[in-house]
Amino acid sequence: QNRWITDVLLRLVALLALDRFGDYVSDQVVAPVRESAAQAIGPALKYLDQDSIMSLIQLLFKLTDENAWESRHGGMLGLKYVVAVRSDLHTSLIPNIFPIAMKRLEDDSDDVVSVSASCLLPVIPVLLREEAGQVPALTQILWSALLDLDDLTSSTHAIMELLSGIISKPGGLKTSLSQPGELKTLVPRIFPFLSHASIHVRKAALETLLALSS
C-alpha cells in the first residue's frame with residue numbers, strides 16, 4: 001500500500017512540475033490541473049509517516065526554485081495542502097517550510113506570492129510561537145507589498161488576509177513590529193484598499209484596521 005501511495009504522489013508532483021495550463025478569471029489565475037493535483041496530495045498524506053512527508057516536501061522545495069513560474073506555483077500549492085492536511089506536524093514542518101514561503105512572498109509571479117501567503121494562513125499561531133524572531137521580517141514583506149498592490153494584483157486578498165491574521169492574534173501586533181512608532185507610517189497603506197473592487201479585499205482591510213485599533 002505504501003509503495004502504491006508513494007508512486008501516486010510522485011506522479012502528482014511530476015504533474016505539478018510539468019503543467020503549464022492557466023486561465024484567468026477576474027484578477028486571479030485559475031490553474032485547475034495544478035490545483036487538483038495539489039488537492040489530491042492531501043488525502044494521501046494521512047497515510048504517510050513523518051519521514052516520508054519530509055521527503056515529499058523536499059521534492060516540492062525543488063519545484064519552488066524552478067525558472068518556470070508555473071512550477072514554482074505548483075510547488076507552493078503542494079506545500080499549501082501539506083500544511084493544511086497535516087496539522088499534527090506543524091511544529092516539525094514549519095521550520096522547513098517557513099523560509100521557502102518567505103522567499104516566495106517576494107516572487108516575480110504574483111500568483112506564486114498569493115499561494116505563498118495562503119500557505120502560511122493555517123500556521124499563524126505556530127509562527128508566533130515557534131518563529132517569533134522571524135515574524136517582523138515577514139510582516140515587513142507584507143507591509144512593503146501593500147505599496148505595490150492594486151485592483152489587478154491577484155495576491156492582494158491573500159497578503160491582506162495574512163497580515164490581518166498575524167496582527168489579530170494575541171501578541172501578534174507586538175511581535176510583528178520591529179520598531180516603536182512604526183504604525184504611524186504603516187497604517188495609511190491600508191486605506192486605499194477600503195475602496196478596492198473586491199469585497200474580500202475590502203473585508204480584509206477592515207479586519208486589519210479593526211485588529212490595529214483593538
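**Close-up views of a predicted model**

**View 1. Helix H9 packs against helix H12.** Thr156, His157, Met160, Glu161, Leu163, Ser164, Ile167 and Ser168 of H9 are in contact (heavy atoms within 4.5 Å) with His200, Val201, Ala204, Ala205, Glu207, Thr208, Ala211 and Leu212 of H12. These contact residues split into 8 nonpolar, 6 polar and 2 charged (Ala, Val, Leu, Ile, Met, Phe, Trp, Tyr, Cys and Pro count as nonpolar, Asp, Glu, Lys and Arg as charged, and the others, Gly among them, as polar). This is a predicted model, in which local features need pLDDT of at least 70 and side-chain atom pairs count only at pLDDT 80 or more, while totals for chains, interfaces and linings use all residues. Residues are numbered from 1 along each chain as its sequence is written, and side-chain values use heavy atoms, with hydrogens and water left out. Helices are DSSP runs (H or I, at least four residues), numbered from the N terminus.

**View 2. The axes of H9 and H12 cross at roughly 20 degrees.** H9 spans residues 156–168 and H12 residues 199–213, and their axes come within 9 Å. Axes are lines fitted to C-alpha atoms over the stretch in contact, with angles from 0 to 180 degrees between N-to-C directions. The crossing angle makes H9 roughly parallel to H12 (angles under 35 degrees).

**View 3. H3 lies roughly parallel to H5.** The axes of H3 (residues 50–63) and H5 (residues 90–104) come within 11 Å and cross at roughly 0 degrees. On the H3 side, Gln50, Ile53, Met54, Ile57 and Phe61 meet Ser92, Leu93, Asn96, Ile97 and Ile100 of H5. Here the contact residues comprise 7 nonpolar, 3 polar and no charged.

View 4. Setting aside residues up to four places away in sequence, leucine 79 touches Ile57, Leu60, Phe61, Thr64, Ile97, Ile100 and Cys119.

**View 5. Serine 109 is buried in a loop.** Find serine 109 between H5 and H6 (110–120). Its relative accessible area is 9% (buried means under 20%, exposed over 50%, partly exposed in between, with a 1.4 Å probe and protein chains only). Beyond neighbours within four places in sequence, serine 109 contacts Trp69 and Arg72.

Terms used. Helix = DSSP H or I, 4+ residues; strand = E, 2+ residues; numbered from the N terminus. Parallel < 35°, antiparallel > 145°, perpendicular 65-115°, else oblique.
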